[in-house]
Amino acid sequence: MNRQKRNGAEVFRITGARMGLAEDVRGRQRRYVISMTVRTLSVIATVLLWNVSRPVAVVTLVAGALLPYVAVVIANAGRESTPSLPSHFVPAPVRPALDAGNLKKSSDQS
């Protein structure tokens, strides 16, 4: 995954760590603002299209009514999930247990 910094240089994310909280909140705010902009445009389209094409106006009205709910659900979605183990993870080898059949009897066990 790569990110653009303000000076234009690419920064690559090489760890399995989560993104920072500030970056997560910034992304949620961006998605919410985009959703509310689409909602505002659909309400304006409803007003402009009401006498021109009533079925299209009704569709934009329904979209404008449902988008706030969708925007809030998306904005309040949890943080990204924690990453799993890397694919190159190798578990420790399993050691075989000792076999009990080769024990010799001592003179104390007659």
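**Close-up views of a predicted model**

**View 1. The salt bridge between Arg28 and Asp24.** In this predicted model, Arg28 and Asp24 are joined by a salt bridge whose closest N and O atoms lie 3.2 Å apart, a separation that falls within the 4 Å limit applied to such pairs. A search of the whole structure finds one salt bridge. The two partners both belong to helix α1, which spans residues 21-49, and because Arg28 and Asp24 are four residues apart there, about one helical turn separates them. Asp24 has a relative accessibility of 10% and therefore counts as buried, the cut-off for that class being under 20%.

**View 2. Ser35 and its contacts.** Ser35 is also a residue of helix α1, and with a relative accessible area of 14% Ser35 is buried. When residues up to four places away in sequence are left out of the count, Ser35 touches Leu67 and Ala71.

**View 3. The segments annotated as transmembrane region.** An unreviewed UniProt entry carries the annotation "transmembrane region" for residues 32-50 and for residues 56-77, and this assignment comes from the record and may be inferred rather than shown by experiment. In the model, the chain over residues 32-50 is 95% helix and 0% strand, with its end C-alpha atoms 27 Å apart. Over residues 56-77 the corresponding values are 91% helix and 0% strand, and here the end C-alpha atoms are separated by 31 Å.

Key. Residues are numbered from 1 along each chain as its sequence is written. This is a predicted model: local features need pLDDT of at least 70, side-chain atom pairs count only at pLDDT 80 or more; totals for chains, interfaces and linings use all residues. Side-chain values use heavy atoms; hydrogens and water are left out. A salt bridge is a side-chain nitrogen of Lys or Arg within 4 Å of a carboxyl oxygen of Asp or Glu. Helices (H or I, at least four residues) and strands (E, at least two) are DSSP runs, numbered from the N terminus. Buried means under 20% relative accessible area, exposed over 50%, partly exposed in between (1.4 Å probe, protein chains only). Contact means heavy atoms within 4.5 Å.
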